[in-house]
Each structure stands twice: as structure tokens, then as C-alpha cells.
Amino acid sequence: MTGFLTGLLRLRRGPWEMLATILIALGVVMLMQPFFLWAYTWSFLVTLVGTVMFIVVSHFPE
Amino acid sequence: MTQTPIDRLARATPPTLSRKVRGLSDRAIAWIFVAPTIFLLLAINIFPLIWTVRLSFTNFAANKPNAEVKWVGLRNYERVLTDEGIWASMTTTAHFLIWTLFFQVVIGFTLAWLINRKFRGNDLLTTLIVLPMMLSPAVVGNFWTFLYQPQIGLVNYVVELFTGTPASSFSMLGPGGLAPWAIVIVDTWMWTPFVMLICLAGLRSIPDYIYEAAEIDRASKWRQFWTITVPMVLPFLMLAVLFRGIENFKMFDMVALLTGGGPGNETLLTSIDLKREAFEKWRTGYSSAYAIILFVTVFGLASIYVKALNKVKER
């Protein structure tokens with residue numbers, strides 16, 4: 001966990017890509033779950049942020 | 001000495017033109033070769049995408065080309081993301097996605113594990129298992145509608161044989177809640193071989209010496225399976241899951257031919273719903289917003305897919 005947080009602070013690709021992946025996955029789950037309409041409503045924003053983040057952080061150093 | 005067509009073409013080229021071509025750098029020549037592809041990519045993929053983004057902020061309707069087009073900002077997105085009908089089609093897609101992935105992974109991995117052993121007729125069996133994947137989804141959709149027919153279909157008679165339920169008493173594609181399972185069965189039948197092939201590649205990439213070392217350490221077969229086989233096949237399995245996940249998220253042809261989204265809206269997947277919004281109700285601006293939402297989702301999943309693919313390549 002400490003390594004992950006250090007990686008985030010030092011703008012390293014691995015942890016940031018992991019964070020973006022988690023956001024994309026969360027967005028997809030929110031989009032397709034049948035329980036909460038509010039989660040469906042906000043899902044696109046979460047997926048969009050995750051996807052844009054993924055594109056940006058894939059240019060970070062290893 | 002015989003002259004090839006290239007030699008003849010070189011001789012026929014005017015000296016002024018040949019001097020110009022000879023003066024081009026390697027980079028320029030590379031650009032000349034790549035330019036047509038880039039142009040086509042821009043014209044066929046990128047331009048329509050940008051145009052769709054633009055349309056998603058308007059009230060444009062393709063069946064009313066002369067009507068005034070108004071800028072509506074984010075209203076289309078707001079309407080799509082609060083529409084309970086679209087939410088229902090998302091959950092229908094989720095049902096289809098989760099169950100097809102579950103069955104394809106379980107059956108595909110089991111088949112790969114069995115096929116990986118050396119036995120007579122191994123190659124023939126692999127070819128037979130892979131056959132459904134080679135068929136066109138349109139063909140599969142059409143012939144499964146016949147297999148699912150309550151009066152003449154084979155499926156109902158097989159169910160009658162095993163359960164005693166009269167064949168004509170139920171319809172897999174009719175009302176009664178069986179249709180979502182009917183499309184899961186067909187997709188599983190068609191695409192399990194794909195997952196099996198990827199798992200097989202993963203299983204064959206595990207070197208024998210790892211198992212030999214485990215044997216020397218007296219690890220049981222069960223332990224070898226969970227500590228060697230599963231972890232080493234997992235990246236391949238993840239790749240298969242992501243690929244099938246993306247493909248099934250966009251599923252249209254097979255389900256459109258099997259059920260057309262019916263009965264009612266029981267099998268209304270997002271792609272079929274989107275087609276209805278865009279080309280039956282002609283709500284182009286609204287459906288563009290819908291399409292962009294699906295596109296961003298698929299793009300996000302594809303990014304993860306590429307990352308997983310690179311990890312597998314590194315092995």
C-alpha cells in the first residue's frame with residue numbers, strides 16, 4: 001500500500017494506471033448494475049474520467 | 001537478360017520525374033505509402049466519430065434534414081443517463097455479459113485442460129470443437145431459431161426427453177422468461193471454443209520442468225493445479241474474458257436475428273436499443289449521445305485489454 005501511494009505521489013505509471021483501471025471497472029459496474037439509478041446516472045462520468053486518466057498516465061515514466 | 005515489368009516501368013519513367021523520386025528521403029517515401037491508409041482512417045473512422053460527438057449536443061433528426069438544428073448542450077446525455085428504459089437495457093446486457101462470460105470461462109478452461117493431454121484423435125476433436133466459432137453469427141442466429149421452434153425444434157424435444165415437460169408447452173424464444181437464457185446458450189455454444197483456444201495457448205506455454213520440480217517436492221496434483229496451472233493461465237484467461245466482454249457488450253447480429261430484442265424487451269441489448277433509437281425513432285442527437293456513452297465504455301475496457309495483452313507479451 002505504501003509503495004502504491006509513493007508511486008502515485010511520484011507520478012509513476014504503474015499505480016496511476018491501476019487507479020485508472022479501477023475507475024473504468026467501477027464505471028462499467030455502475031453502468032450495468034440493476035439496483036441504483038443514481039449509480040447509473042453517474043457511471044458515464046466515472047468511466048470517462050478513468051479512460052481519460054488512462055490515456056494521460058500511460059505517458060508517465062515507469 | 002529478361003526485363004521485368006518493374007524494369008520496363010523504370011525505363012518508361014521520364015528522367016525529370018525519376019530524379020525527383022530519387023531525391024526523396026526514406027521518411028518521405030514511408031509517408032507516401034502510409035498516407036492512403038491514414039486518409040481512409042480519418043475519413044471512415046475519425047471523422048464520423050467527431051461528427052457523432054458534435055451531433056450528440058444537438059437535437060438533429062436524420063429523417064428531418066431541413067429542420068432547424070438546435071444546440072442542446074448536455075441535455076441528451078442527461079436524458080440518456082436518467083432514462084429507465086435504457087437502464088433496463090443495460091441490465092439486460094449485463095445479464096447476457098455475466099452469464100456468457102461465466103459459462104465460456106468454465107467450459108472453455110475445462111475443455112482446454114482436457115484437450116491439453118496427449119491422446120488419439122486430439123487434433124480431430126480440437127477441430128470439431130472449434131467449428132461453431134467459424135460460422136457467421138447471422139447463420140448461427142438463423143439456425144438456432146429453428147432449433148428453438150416449439151413444434152419442430154430439437155431443443156424442446158431434448159428437454160422433453162430429460163425432464164418430461166411436453167415439447168410444445170414452452171417456447172425458448174417466446175414469453176416466459178426463457179429468452180435471455182436462450183441467447184446466453186447460443187453465444188456460449190458459439191464462443192466457448194475461442195476461450196478454449198486461448199486457455200490452451202496458456203496451458204501449452206507452461207514449461208514441463210515446473211511440474212517436474214513440483215513432483216520432486218511431492219506437491220499433489222490438486223496443489224499443482226492451484227499453484228502452477230491456474231496462476232500461469234490467468235493472464236491468458238483475463239485476456240479472453242476482456243475480449244469476449246468487449247465483443248458481447250457490442251453484441252447485435254446474432255441476438256437481432258434470434259429474438260430482435262423480444263419478447264417485449266426481455267432481450268433488448270444496448271446495441272439493439274441504440275439501433276431502434278437511431279433508425280426507427282430517428283432521434284439522431286439523442287442516439288448519438290447514447291452511442292458516445294457506449295463508445296467511452298468500450299474504449300475504457302479496450303485500454304485495459306491492451307494493458308493485459310502487453311503483460312501477456314512480456315511473459
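This is a predicted model: local features need pLDDT of at least 70, side-chain atom pairs count only at pLDDT 80 or more; totals for chains, interfaces and linings use all residues.

Visitor: Where in chain B does W282(B) lie?
Guide: W282(B) is found in the loop between α13 (270-279) and α14 (284-314) of chain B.

Visitor: And what is phi of W282(B) near?
Guide: Phi of W282(B) is near 55°, which is a positive value in a residue other than glycine. R218(B) is also a residue other than glycine with a positive phi, near 60°.

Visitor: What is the place of R218(B)?
Guide: R218(B) sits in the loop between α10 (208-216) and α11 (221-249) of chain B.

Visitor: Is R218(B) buried or exposed?
Guide: R218(B) counts as exposed, because its C-beta neighbours inside 10 Å number 7, and a residue with 12 or fewer is classed as exposed.

Visitor: Let us step back. How many helices and strands are there in chain B?
Guide: Chain B contains 14 helices and zero strands.

Visitor: How is chain B divided?
Guide: There are domain 1 (5-55) and domain 2 (84-314) in chain B. The centres of domain 1 of chain B and domain 2 of chain B, taken over C-alpha atoms, are separated by 41 Å.

Visitor: What radius of gyration does chain B have?
Guide: Chain B has 27 Å, whereas a compact globule of 315 residues would have a value near 20 Å. The C-alpha trace of chain B spans about 85 × 65 × 40 Å along its principal axes.

Visitor: What share of chain B do buried residues make up?
Guide: Of the 315 residues in chain B, 28% are buried. As for contacts in chain B between residues at least 6 apart in sequence, 71% join residues at least 24 apart.

Visitor: Now to the other chain. What pattern does chain A follow?
Guide: Along the sequence, chain A reads α-α-α. The radius of gyration of chain A is 13 Å, well over the 11 Å given by the globule rule for 62 residues, so chain A is more spread out than a compact globule. Its C-alpha trace spans about 40 × 25 × 10 Å along the principal axes, and 27% of the 62 residues of chain A count as buried.

Visitor: Which residues of α2(A) are buried?
Guide: The buried residues of α2(A) are W16(A), A20(A), L23(A), I24(A), G27(A), V28(A), M30(A), L31(A) and M32(A).

Visitor: How many Å does α2(A) reach from its first C-alpha to its last?
Guide: α2(A), with 20 residues, reaches 28 Å, close to the 28 Å expected at 1.5 Å a residue.

Visitor: How many residues of the two chains are in contact?
Guide: In chain A, 17 residues are in contact with 16 residues of chain B. On the side of chain A that touches chain B, α2 (13-32) and α3 (37-57) of chain A each supply at least two residues. The largest share of that side, nine residues, comes from α3(A).

Visitor: How do the residues of that side of chain A divide into nonpolar, polar and charged?
Guide: The side of chain A that touches chain B has ten nonpolar residues, six polar and one charged.

Methods. Residues are numbered from 1 along each chain as its sequence is written. Chains are lettered from A and ligands numbered from 1 in the order in which they are written. Helices (H or I, at least four residues) and strands (E, at least two) are DSSP runs, numbered from the N terminus. The radius of gyration is taken over C-alpha atoms; the globule rule is 2.2 Å times the number of residues to the power 0.38. A residue is buried if 20 or more other C-beta atoms lie within 10 Å of its own, exposed if 12 or fewer, and partly exposed in between; C-beta atoms are placed from the backbone. Two residues are in contact if their C-beta atoms, placed from the backbone, lie within 7 Å. Ala, Val, Leu, Ile, Met, Phe, Trp, Tyr, Cys and Pro count as nonpolar, Asp, Glu, Lys and Arg as charged, and the others, Gly among them, as polar. The expected span of a helix is 1.5 Å times one less than its number of residues. Domain bounds come from an automatic or database domain assignment.
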